[in-house]
Amino acid sequence: MDVSPPPSRYWTMPRFFFELCDGGEVYHDAQGTNLPGLTEAQDRAFELLRKVIPQVMRRNGGEYRYRDLAYTVRDGTGRQLMKIRFELGTPAETESPSAEGDQH
């Protein structure tokens, strides 16, 4: 006796969720996006990142201040599938503790 469910009449695309992490702030995607597969989800994450960079620049007054941005792609269960990270600008340099002690 076959107990498998009947074949679906319609093929449904998987839903992907794209979280933006800007420094310490995380913006969750509550709706998600239906896409054919992981390659398309990766393309979408890069597209979203390209769109958010100019917005970040405007908030910084056009200056290249250091920002650590990332898009995390998750499936419908919340499992992380990939993370695309982008560092904008140059981190502020800090003096090493040994540099102060070496001056005589």
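Is Glu 47 buried, exposed or partly exposed? Select Glu 47 and look: the residue is partly exposed, with a relative accessible area of 30%. Keep in mind that this is a predicted model.

**Stop 1: the whole chain**

Switch to a cartoon view. Follow the chain along the sequence and the pattern reads β-β-β-α-β-β-α.

Now show the surface. The accessible surface of the chain comes to about 8,100 Å². Carbon and sulfur atoms hold 52% of that area. Of the 104 residues, 27% count as buried.

How much of the contact list links residues 24 or more positions apart? Among contacts with a separation of 6 or more, such pairs account for 42%.

**Stop 2: the nonpolar core**

Hide the surface. Select Phe 18, Leu 49, Val 52, Tyr 71 and Val 73. These residues have the most contacts inside the largest nonpolar core, which has 18 residues. S1, H1, S4 and S5 each supply at least two residues of this core. Which element gives the most? The answer is H1, with eight residues.

Leave aside the neighbours within four places in sequence. Tyr 71 is then in contact with Phe 18, Glu 19 and Leu 20, among others. The contacts of Tyr 71 also include Ala 45, Leu 48, Leu 49 and Val 52. Met 82, Lys 83 and Ile 84 are on the list as well.

**Stop 3: Glu 19**

Step from Tyr 71 to one of its contacts, Glu 19. Glu 19 sits in strand S1. Buried or exposed? Glu 19 counts as buried, at 13% relative accessibility. The cut-off for buried is under 20%.

Show the side chains of Glu 19 and Arg 74. The two form a salt bridge, with the closest N and O atoms 3.2 Å apart. Glu 19 lies in S1 (residues 15–22) and Arg 74 in S4 (residues 67–74), so the pair ties together parts that are 55 residues apart in sequence. Arg 74 itself counts as partly exposed, at 22% relative accessibility.

A polar contact of 3.0 Å joins the side chains of Glu 19 and His 28. Beyond four places in sequence, the contacts of Glu 19 also include Val 26, Tyr 27, Ala 70 and Thr 72.

**Stop 4: more salt bridges**

How many salt bridges does the structure hold? There are six. You have seen one; here are others.

Select Arg 85 and Asp 68. Their side chains meet in a salt bridge, 2.8 Å from N to O. The pair links distant parts of the chain: Arg 85 is in strand S5 (residues 80–88) and Asp 68 in S4, 17 residues apart. Asp 68 counts as partly exposed, at 26% relative accessibility.

Arg 44 is partly exposed, with a relative accessible area of 24%.

**Stop 5: Asp 75**

Last, select Asp 75. Where is this residue? Asp 75 is in the loop between S4 and S5. With a relative accessible area of 15%, Asp 75 is buried.

Look at the side chain. A polar contact of 2.7 Å joins it to the side chain of Thr 77. The side chain of Asp 75 also reaches the backbone nitrogen of Arg 79, at 3.0 Å.

Setting aside neighbours within four places in sequence, Asp 75 is in contact with Arg 15, Phe 17 and Leu 81. Finally, draw a line from the C-alpha of Asp 75 to the C-alpha of Gly 32. The two residues are 43 apart in sequence and 8.8 Å apart in space.

Definitions and conventions: Residues numbered from 1 in each chain as written. Predicted model: local features only at pLDDT ≥ 70, side-chain atom pairs only at ≥ 80, totals over all residues. Heavy atoms only, no water. Salt bridge = Lys/Arg side-chain N within 4 Å of Asp/Glu carboxyl O. Helix = DSSP H or I, 4+ residues; strand = E, 2+ residues; numbered from the N terminus. Buried < 20%, exposed > 50% of the residue type's maximum accessible area, 1.4 Å probe, protein only. Contact = heavy atoms within 4.5 Å. Areas by Shrake-Rupley, 256 points an atom, 1.4 Å probe, with all protein chains shown as cover. Core = buried A, V, L, I, M, F, W, Y, C linked by side-chain atoms within 4.5 Å. Polar contact = N/O pair within 3.5 Å; in protein donor to acceptor, adjacent residues only side chain to side chain.
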